[in-house]
Amino acid sequence: MFEIAEYIGTIAFAISGFFVGVRSRLDFLGVFISVFLTAFGGGMIRDIIVDKTPYTFTHTAPGAIVVGLMFLLIVLKFHKKQSIENRPFFIVSDSIGLASFSITGAIIALEAGFNLTGVLALSFITSVGGGITRDIIINEVPFVFKTGFYGTISLLIGFLMYATHYFNLTNFYSTTIIFALAVVIRILAYYKKWSIPLCG
């Protein structure tokens, strides 16, 4: 279950990082760094917190997926397209990445014996930590801090994963339901322009 969610999140966030890098008019190296940080940054921080060697450093598949995907996107000239961040493909892929990485963060936290606070923290960090790092490097206010229902969905996933674990209901089906629910809420929040109140 962990590996499935990890690979889905890696693919989805790599696509998201590619589009953000293109929108910021980075060169190919800059775009690659944007892709790498978005896809792996949160997971690396998560693994360091639980005192594990980052998953990306011990498995070949994640790196190969990112390099191959970036090459494919360039060959298909996605970097030439305009306004790609508002396209359904971007929104859906980003939503899938958010849900997948939130789930992997919660799974790792539960396996480490963390309490609810720890599960929420690792769910949040895994899903948005890479994006926050990427945005800071390209000198932008992190996306998660100005977009309603993005980080909130990550926390919701963490809570639901903790609840299913607490009541001994964690299995493939319950996790799939949480995943699907989170993706649907994120997409609805985007198109319905749902948001949490701004401060100030």
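In helix α4, five residues are tucked away: Pro-62, Val-66, Leu-69, Met-70 and Leu-73 are buried. They sit within an arc of only 100 degrees around the axis, so they end up on the same side of α4. Keep in mind that this is a predicted model.

**Helix α4**

- You can check the length of α4 yourself: its 16 residues (60-75), at 1.5 Å a residue, should span 22 Å. The C-alpha atoms at its ends are 23 Å apart, which agrees with that expectation.
- After α4 comes Lys-77, and its phi is positive, near 60 degrees.

**Salt bridges**

- How many salt bridges does the count come to? The answer is three.
- One of them pairs Arg-23 with Glu-140, and their closest N and O atoms are 2.3 Å apart. Arg-23 belongs to helix α1 (residues 2-23), while Glu-140 is in the loop between α6 (116-137) and α7 (151-166), so this pair ties together parts that are 117 residues apart in sequence.
- Another bridge links Asp-47 and Arg-46, with 2.9 Å between the closest N and O atoms. Here Asp-47 is buried, at 2% relative accessibility, and Arg-46 is buried as well, at 0%.
- Arg-134 and Asp-135 also form a salt bridge, with their closest N and O atoms 2.9 Å apart. Both of these residues are buried.

**Helices α5 and α7**

- To describe two packed helices, you give the angle between their axes and the distance between the axes.
- For α5 (residues 88-111) and α7, the angle is about 40 degrees and the axes are 9 Å apart. That makes α5 oblique to α7, because an angle has to be under 35 degrees to count as roughly parallel, and roughly perpendicular starts at 65.
- Which hand does the crossing have? α5 passes α7 in a right-handed crossing.

Conventions
Residues are numbered from 1 along each chain as its sequence is written. This is a predicted model: local features need pLDDT of at least 70, side-chain atom pairs count only at pLDDT 80 or more; totals for chains, interfaces and linings use all residues. Side-chain values use heavy atoms; hydrogens and water are left out. A salt bridge is a side-chain nitrogen of Lys or Arg within 4 Å of a carboxyl oxygen of Asp or Glu. Helices (H or I, at least four residues) and strands (E, at least two) are DSSP runs, numbered from the N terminus. Buried means under 20% relative accessible area, exposed over 50%, partly exposed in between (1.4 Å probe, protein chains only). The expected span of a helix is 1.5 Å times one less than its number of residues. The arc is that of the directions from the helix axis to the C-beta atoms. Axes are lines fitted to C-alpha atoms, for helices over the stretch in contact, and angles run from 0 to 180 degrees between N-to-C directions. Angles under 35 degrees count as roughly parallel, over 145 as roughly antiparallel, 65 to 115 as roughly perpendicular and the rest as oblique. A crossing is left-handed if the near helix is turned anticlockwise from the far one by less than a right angle, and right-handed if clockwise.
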